[in-house]
Amino acid sequence: MTQTLDIISRELIYFWLYFSIQFQQIVWYWALGMALGSLVSVFGKEKIHRAFALTQSKKPGILGLVPASLLGIASPLCMYGTIPIVASFAAKGMSDDSPSPESASSFDGQIAAFMVSSVLLNPQILFYTAALGVPMLIIRFVSCFVCGILAGICVRLFFRNKRFFNFKVFEQIANRDTDPNLLVRFLKNYGRNIRATGVFFLIGIVLSALFQRYVPPYAFARLFGSNRGLGILLASTIGVPLYICGGGTIPLIITWMHSGMSMGTAASFMIAGPAMKITNLGALKIVLGIKHFLYYIAFAVLFAFLTGVLTDWGISFFQIPAS
């Protein structure tokens with residue numbers, strides 16, 4: 001009995017050591033990231049939405065996908081907050097009784113660019129990614145930005161004669177940032193961000209600590225490191241269920257990279273994870289329909305895989321350090 005208690009005590013000490021080190025390393029990135037997201041939400045959200053509506057009204061063609069993707073990244077809303085917004089954009093942009101096929105594909109292309117980049121990244125997660133180092137921060141931003149643009153191009157090219165989205169079942173969600181005092185409004189928004197992500201953040205650190213203690217580094221390196229092509233494929237497919245949320249994944253990725261995961265595999269995971277997170281898929285299935293939904297899954301997996309391959313090639317070619 002005494003020996004068992006000694007073993008349990010020793011393991012708890014090791015777990016606390018791993019947990020506390022991870023927590024101290026990244027808690028400030030998380031807290032400041034949530035603060036940045038709240039600042040954007042309180043002071044910039046409406047400006048972002050007006051800017052996107054303006055890009056639609058000007059009908060800039062394929063070049064309009066660039067600001068649409070950037071504005072999607074800047075938007076702090078989750079998927080269930082983004083869909084009602086883009087639904088209102090679509091309703092305003094397609095208010096004509098008989099819009100032309102070219103007009104329909106143009107609007108849907110911009111909406112696709114906005115939605116996809118918004119699904120993949122937002123200001124708080126972008127800042128939080130800095131815990132992985134500047135190279136990974138740049139890779140994540142560029143890949144999400146390009147993914148949004150390519151999604152818009154695909155919609156414009158392959159769905160010229162019909163609508164890609166169906167937003168009829170979604171209604172506008174009421175704005176919760178309505179307190180007349182801006183400081184109070186910011187603090188309320190920040191509190192909601194902390195409550196929404198805090199549990200996942202702690203879960204991620206707990207899993208990371210358990211992983212460091214009980215999973216031999218060589219075993220993980222054998223799975224994700226020895227064959228990078230296989231590692232990228234796993235990250236872009238079966239690795240998706242491991243994606244908790246942006247607040248809980250960074251600690252795991254830090255541990256995995258220290259254990260042999262390549263930057264390309266990590267980049268692939270950071271594309272496929274949010275793109276195919278269960279909650280996001282549930283919302284997308286409603287507005288896409290089964291056929292378009294399957295197209296979206298195929299696009300996300302392929303882009304995640306190619307992102308990983310190109311990232312590892314670029315890292316090797318330019319000899320960029322991991323952090």
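**Aromatic pairs and the nonpolar core**

Phe-19 is buried, with a relative accessible area of 12%; buried means under 20% and exposed over 50%, with partly exposed in between (1.4 Å probe, protein chains only). The model is predicted, so local features need pLDDT of at least 70 and side-chain atom pairs pLDDT 80 or more, whereas totals for chains, interfaces and linings use all residues. Residues are numbered from 1 along each chain as its sequence is written, and side-chain values use heavy atoms, without hydrogens and water.

Trp-16, by contrast, is exposed at 56%.

The structure holds 13 aromatic pairs, in which ring centres of Phe, Tyr or Trp (its six-membered ring) lie within 6.5 Å, with planes under 30 degrees apart counted as stacked, over 60 as edge-to-face and the rest as tilted. Trp-16 and Phe-19 are stacked, at 5.8 Å centre to centre and 20° between the planes. The pair of Tyr-128 and Phe-201 is tilted, because the centres are 6.2 Å apart and the planes stand at 55°. This pair links helix α6 (residues 123–128) to helix α8, 73 residues apart in the chain, and both of its members are buried. One aromatic cluster includes Trp-16, Phe-19, Tyr-128 and Phe-201.

The largest nonpolar core has 73 residues, of which Met-136, Phe-165 and Phe-167 touch the most other members; such a core joins buried Ala, Val, Leu, Ile, Met, Phe, Trp, Tyr and Cys residues through side-chain atoms within 4.5 Å.

Notes:
Helix = DSSP H or I, 4+ residues; strand = E, 2+ residues; numbered from the N terminus.
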